[in-house]
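Good morning, colleagues. Please have the sequence and the model in view.

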Amino acid sequence: MGNITLTMVKPTAVEKGYTGKILEKITAGGFRIQAMKMFRMSKADAEKFYEVHKERPFYGELTAFMSSGPIVAAVLEKENAVKDYRKLIGATNPKDAEEGTIRKLYATDIQANAVHGSDSDENAEIEASFFFSKRERFNKDGNII
Ligand code: ATP
Ligand code: MG
């Protein structure tokens, strides 16, 4: 535990063709990709994924947005992955994101903020299992984790 995070390139960023540039930032940032897929969530999938936010006022809008088109999900590995990835992506609202961060570079607005990043080690494991089976995750030797 403690060395993975789950990311999604959100629908607007996929549609705008930013996936490759975002993956470049991720690998340049020292993260190794354990697993990756393009996937379109149903509304029910998005509601399950964001269940922790179900009392927030933006829950309906967020789950509609996240199921509006394909996303690219990936499990990223690095020491202190959760914390370091949140630093690489920048603040939730791109207006507050630092220069050079993924959200500063590729976000459209606070909702379509380019990427998701897990907020804890525990949620990283839950979110990784949401998208990937163990047979779809690979260690640095190329073997199933
Ligand atoms: P993420 O979980 O996607 O990595 P985050 O942890 O920075 O983002 P959260 O507070 O978990 O932010 O919110 C989840 C997502 O909900 C945000 O990434 C954004 O897409 C959306 N969101 C958050 N706050 C708002 C808001 N005030 N209005 C609209 N959408 C919002
Ligand atoms: Mg979050």
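At 1% relative accessibility, Ala114 counts as buried, where buried means under 20% relative accessible area, exposed over 50% and partly exposed in between, with a 1.4 Å probe and protein chains only. Ala114 has a positive phi of about 75°, although it is not a glycine. This residue belongs to the loop between α6 (102–106) and β4 (115–117); helices (H or I, at least four residues) and strands (E, at least two) are DSSP runs, numbered from the N terminus.

Before I proceed, the conventions. This is a predicted model, in which local features need pLDDT of at least 70 and side-chain atom pairs count only at pLDDT 80 or more, while totals for chains, interfaces and linings use all residues. Residues are numbered from 1 along each chain as its sequence is written, chains are lettered from A and ligands numbered from 1 in the order in which they are written, and side-chain values use heavy atoms, with hydrogens and water left out.

A positive phi also occurs at Asn80, about 50°, and Asn80 is not a glycine either. Its setting is the loop between β3 (71–77) and α5 (81–89).

I turn now to the ligand. Ligand 1 is surrounded by 14 residues, the closest being Lys10, Arg86, Thr92, Asn113 and Gly117; a residue is near if one of its heavy atoms lies within 4 Å. Which residues make polar contacts, that is, pairs of N or O atoms within 3.5 Å? A backbone N or O atom of Gly117 lies 2.8 Å from an oxygen atom of ligand 1. For Arg86, a polar side-chain atom is 2.9 Å from a ligand oxygen, and for His116 a side-chain N or O atom is 3.1 Å from one. The protein covers 82% of the 580 Å² of accessible area that ligand 1 has on its own, by the Shrake-Rupley method with a 1.4 Å probe. The shell comprises four nonpolar, six polar and four charged residues, with Gly counted as polar and Asp, Glu, Lys and Arg as charged.

Finally, a pairing elsewhere in the chain. Ala46, in helix α3 (residues 43–49), and Ser67, in the loop between α4 (59–66) and β3, are 21 residues apart in sequence and 6.3 Å apart in space, C-alpha to C-alpha. Ala46 counts as buried at 0% relative accessibility, and Ser67 at 10%. The Ser67 side chain has a polar atom 2.8 Å from the backbone oxygen of Thr63.

Terms used. A polar contact is a pair of N or O atoms within 3.5 Å; within protein, one must be able to donate a hydrogen and the other to accept it, and residues adjacent in sequence count only if both atoms are side-chain atoms.
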